[in-house]
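Open the model in your viewer and keep the selection panel at hand. The stops below say what to select and what is there.

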Amino acid sequence: MARVIAVTNQKGGVGKTTTCVNLAASLAATRRRVLLVDMDPQGNATMGSGVDKNALELSGYDVLTKRASPAEVIVKTDASGFDLLPANGDLTAAEVELMNEIGREHRLRLALNSVRENYDYILIDCPPSLNLLTVNSLSAADSVLIPMQCEYYALEGLAALMNTVEQIKETVNPNLEIEGILRTMYDPRNSLTLDVSGQLSEYFGDKVYRAVIPRNVRLAEAPSYGMPALAYDKTSKGAVAYLALAGEMVRRHGSKKTSAAVAV
């Protein structure tokens, strides 16, 4: 059964969508079955995966409002190797429609339960704010992956996000855990980067991924062509970094399964 990972940060511009698209492609390259769920009304993950958000007949809106099942909405991406549950601006309307619905915060979790057996990983691209779409994403997830830049304001945003995660655990998803902290737009020549990176490692320990994502032109260019960096330029530093992240993630989960088997 799939591990469901919400990729989120309430601070914008930290590489959240870039991480979703490129990690999905990298996990698919390791022959894992991957579903990327776009829960951001901006639809950037949808466009970055090569799907035109303006031409969608069905989207995440239809799933959340029970107008369609995930199986009816999911599309295959041509160049990326993963499946996509796409989104566009209609998701904003879903927030309004669900406002007075009982169990509204669990709509996505209940919907994904019908397809979890079909995948090894389900990645959810969350909007950069705490709203009903984010709450649905965190309710559906087993864990949270947090991309962040190594700068002072990012640390403040991380503290706020950790409070949000704790609130979600107390109210709608007691099993939610931190998947990992991913350092993005990483520049080792910057002393502040090194200082913040050190603080992260001191506080979160092995939850901080060894893999780091550098500032990379190819990563920035790839979305305009509707493809992940791995398809756009597989030799680029960005593509290589996300492959390293995927490998690290797969090894971590393999170790957990082995430990659980030994314990039994």
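## Stop 1: helix α5

What covers the buried residues of α5 includes β2 (34-38), α3 (60-64) and α7 (132-140), where contact means heavy atoms within 4.5 Å. Helices (H or I, at least four residues) and strands (E, at least two) are DSSP runs, numbered from the N terminus. This is a predicted model, in which local features need pLDDT of at least 70 and side-chain atom pairs count only at pLDDT 80 or more, while totals for chains, interfaces and linings use all residues. Residues are numbered from 1 along each chain as its sequence is written, and side-chain values use heavy atoms, with hydrogens and water left out.

Select residues 90-97, which form α5, and show the side chains of Leu-91, Ala-94 and Glu-95: these are buried. Buried means under 20% relative accessible area, exposed over 50%, and partly exposed in between (1.4 Å probe, protein chains only). Look down the axis of α5: the buried residues fall within an arc of 100°, so they line one face of the helix. The arc is that of the directions from the helix axis to the C-beta atoms.

## Stop 2

Next, select residues 177-186, strand β7. Of its 10 residues, 8 are buried, so β7 is largely enclosed by the rest of the structure.

Met-148 has Arg-183 in β7 as its bridge partner. To get from β6 to β7 the chain passes through helix α8 (residues 152-171), and this β-α-β crossover is right-handed. That term applies if, with the strands pointing away from the viewer, the path from the first strand over the helix to the second runs clockwise.

Tyr-186 stands opposite Pro-214 in β8. With helix α9 (residues 191-204), β7 and β8 make a right-handed β-α-β unit.

## Stop 3: aromatic pairs

How many aromatic pairs does the structure hold? There are 2, counting rings of Phe, Tyr and Trp (its six-membered ring) with centres within 6.5 Å; planes under 30 degrees apart count as stacked, over 60 as edge-to-face and the rest as tilted.

Select Tyr-203 and Phe-204: their ring centres are 4.7 Å apart and their planes at 80°, so the pair is edge-to-face. Tyr-203 is exposed at 66% relative accessibility, whereas Phe-204 is buried at 13%.

Finish at Tyr-225 and Tyr-232, whose ring centres lie 5.0 Å apart with planes at 25°, so this pair is stacked. Tyr-225 is exposed, at 52% relative accessible area, and Tyr-232 is partly exposed, at 23%.

Methods:
Pairing = 2+ DSSP bridges.
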